Protein chains: 2
Amino acid sequence: MDKMIGKRSVQFEVPPCIIGAASVAGEKEGAGKFGKYFDIVEEDPLFGGKTWEEAESKMQHMAADIAIRNAGLESEDIRYIVAGDLLGQLIATSFGIMNLNIPMFGVYGACSTMGESMAIGSMLVEGGFAEYIVAMTSSHFASAEKQFRFPLAYGNQRPYSATWTVTGSGAVVIGRGDGKWKRKETDYVCIRGITTGVITDYGIKDSMNMGACMAPAACDCILNNFKDFGVEPDYYDKIITGDLGTIGQRILKDMLLGYGYDISKQHMDCGTEIYYNEEQDTHAGGSGCGCSAITLTGYILKKMRKHAWRRVLFVPTGALLSTVSFNEGNSVPGIAHGVMLECV
Amino acid sequence: MDKMIGKRSVQFEVPPCIIGAASVAGEKEGAGKFGKYFDIVEEDPLFGGKTWEEAESKMQHMAADIAIRNAGLESEDIRYIVAGDLLGQLIATSFGIMNLNIPMFGVYGACSTMGESMAIGSMLVEGGFAEYIVAMTSSHFASAEKQFRFPLAYGNQRPYSATWTVTGSGAVVIGRGDGKWKRKETDYVCIRGITTGVITDYGIKDSMNMGACMAPAACDCILNNFKDFGVEPDYYDKIITGDLGTIGQRILKDMLLGYGYDISKQHMDCGTEIYYNEEQDTHAGGSGCGCSAITLTGYILKKMRKHAWRRVLFVPTGALLSTVSFNEGNSVPGIAHGVMLECV
């Protein structure tokens, strides 16, 4: 069987399995819709650290630890860690995983990082280069605001199109589909295939409307997934995008309708769902690498293990926003990485 | 055959080949020791762009274009591009490769990025997930100074331990070892294996002495390569580190001597060699993702194709420097990615 399918997708011969997962979330996320599903909800926004960046590092360390233990493994069993975050030079990741002493591939896909790290990680496992890998990412509201927008103390007004960066870190351990890992009672979710995104730029220049920047990338990735695998939307029980928010979600649905696909029955957006937007004052919803990551590891995987959903197309979306390019008058391009999840 | 060898290495069954390469360099690099080997030496530091970041993007676009043509391919033939740069949110890469419309994995390994992208890329090819991939990176003196240190116009003094960020972009096209690509008269270089680094932190806090931050990571990567493959330094004709510079290079040799390995006969450091340090006032040497990338694609591969060297361990080194973590009083951790190059 050819593993390459269509123009942009991979179909695994022996689909790798998600054998461990962890979700570490902040207090606001704990009070949101998926609060009860997270492994850890920490009330201290600094996670016991001295800076926001250190807080984010601590989240990643916790998430990796829990996911590895959840898989019944030790950190020495992990061949590679594929991880990244939103901060310049991936400092949350570098400082977070340093003590684990695991060979590392740093990745950056903005808020699509969970999809990117799972895509690379599952190929490394299925290609025979690793028995187990950890794919991980994080974001923190305060470190992201500092990196991309305004200092918190400045108290700027946020337009209704703005999203709220999720404080959270999600990690999964991926193992070979025919591996020797200890199978537990619960059912497993495997990665059937992936569809990798291209950089998509519709010229949006509004950093307070990231949903509009990312919707075309999500549309492109989903379309190519349908085409490459020859499937229709109803092949999936759910098509779950990362953090388009309420506005980006509408754009995505409209765009796909233009191509003849109606995904309104299957579609869910982690960003739109993760908070109670009205009560929690989160405007267009949640965003950040952590948004899709903890929704996956906290909520989606649990739903799938209970067979509420058997086939899910998970499409984390990233807006490649940089303050430097943005201040130089450039647009904010987007990218999306599709991961096909299936109950074993 | 097991592809996993030792604790941190991969040994390819069918070693992927480097079937195309490109080196785009700035004027200062063109006047350096390897000047005559580069495909393009551009006198305009802005590369016809309006900003330093745009200049760097243009370099990446040029490098990708030339490498793909050099391989006798079109951009549609490339399954993935694995690339990154030093700038926050990888803007040089995102904007540089956008028009190529190739599925992209963004990576960040600081100045070790060429090693990281080649490692991931060669696994994707050998694992059967791609016929051809492009691995690429870049750095630009002016965009890097702006990102990490002082505005150029400030004219700060540079200590003798400081290195000079190379303006350049290097790209390789990697194809299957048994692929159907058109073989040319010249000999080819294949990737026999890889050794992936862990994050190494000896507590160095001097951003003007990056060599000292990276030397322990290089040492760790080289040691593990020797151990995993059961070889001694003289297995290689050359062991080539990325950008340790004159100071880091001394530390590396001393550290390895402490472990019983003398690499002084084989060792070369791209950073130490790329400029005429005295005449060009580059102090401890060159650095940046572009340093090892253009030395590889301009100089090393050409030496290997002429069989001057048959076996090279290429070890780009990265200092995970961030202005944020640095200003918060943190150390600068390092990472190194080893790639085993061999004449076919």
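A residue is called buried when its relative accessible area is under 20%, exposed when over 50%, and partly exposed in between, using a 1.4 Å probe and protein chains only. This is a predicted model, in which local features need pLDDT of at least 70 and side-chain atom pairs count only at pLDDT 80 or more, while totals for chains, interfaces and linings use all residues. Residues are numbered from 1 along each chain as its sequence is written, and side-chain values use heavy atoms, with hydrogens and water left out.

Most residues other than glycine have a negative phi. A:Gln89, however, has a positive phi near 60 degrees, and with a relative accessible area of 5% A:Gln89 is buried. Phi of A:Asp281 is also positive, near 55 degrees, but A:Asp281 is partly exposed, at 46%.

Helices, which are DSSP runs of H or I with at least four residues, are numbered from the N terminus. In chain A, helix H4 (residues 113-126) packs against helix H10 (residues 289-305) at an angle of about 60 degrees, where the angle, on a scale from 0 to 180 degrees, is taken between N-to-C directions of axes fitted to C-alpha atoms over the stretch in contact. The axes of H4(A) and H10(A) are 8 Å apart.

Of the 17 residues of H10(A), 14 are buried, so H10(A) is largely enclosed by the rest of the structure. Just after H10(A), A:His307 takes a positive phi of about 65 degrees.

Technical notes. Chains lettered and ligands numbered in written order. Helix = DSSP H or I, 4+ residues; strand = E, 2+ residues; numbered from the N terminus.
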